[in-house]
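Please look over the sequence and the structure below before reading on. The notes after them are meant for a reader who is meeting this structure for the first time.

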Amino acid sequence: MRSGFLLFVVIALSHVAVSFCVNRIPYRNMARLRPRIVPSQKECDFYKHVLHIGLWKDYIPCVGEFDKKTLKGDSVEYLSLFILETIRAELAHVFCLLSTLLVLYLYRPRYSLIIPLFYFAINVPCLIIQRYNRARLERILNRLGSTLVIPAEPELTRKFV
């Protein structure tokens, strides 16, 4: 298991497997997780003023039903679904980062520096964007004076992240 092509296949499959699993988590579970992973104002200020997220976030490809550049509505239902999907995406990127351990186990020690850097580079910016956008969406929901609405679950036909 040492070829570069096989390494690429393992990395791609680990991302697809994580995406497949995370897309099966019900919205009610995402809503339960929400209070534990709320981005603080200090964290968002760090993203904005130190990492200058506004300059680069639009260059990261957007995958999924929700576009990070524009809101397509301001209903409580739409904002709630968007918030829950940012939680889903954040979980997917965290689990992809954790899958680095499996790939490192299979490819130690030859790629022990390159693999974590690669996983970091493709997952951390996306994770930061999800957290930053969720904080902004939460503020809009609060301004509307509403609470999160948990949508009905679609059948297991969700698209991959």
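The model shown here is predicted. The briefing begins with helix H3, which spans residues 41-50, then turns to His52 in the loop between H3 and helix H4, and ends with His93 in helix H5.

**Helix H3 and its two sides**

- The buried residues of H3 are Glu43, Cys44 and Tyr47, and they lie on the same side of the helix because they cover an arc of only 100° around its axis.

**The loop after H3**

- His52 sits in the loop that runs between H3 (41-50) and H4 (53-56).
- Just after H3, His52 adopts a positive phi of about 50°, although this residue is not a glycine.
- With a relative accessible area of 40%, His52 counts as partly exposed.

**His93 in helix H5**

- His93 belongs to helix H5, which is made up of residues 76-98.
- The relative accessible area of His93 is 14%, and so this residue is buried, the cut-off being under 20%.
- When its neighbours within four places in sequence are left aside, His93 is in contact with Asn123, Cys126 and Leu127.

Conventions
Residues are numbered from 1 along each chain as its sequence is written. This is a predicted model: local features need pLDDT of at least 70, side-chain atom pairs count only at pLDDT 80 or more; totals for chains, interfaces and linings use all residues. Side-chain values use heavy atoms; hydrogens and water are left out. Helices (H or I, at least four residues) and strands (E, at least two) are DSSP runs, numbered from the N terminus. Buried means under 20% relative accessible area, exposed over 50%, partly exposed in between (1.4 Å probe, protein chains only). Contact means heavy atoms within 4.5 Å. The arc is that of the directions from the helix axis to the C-beta atoms.
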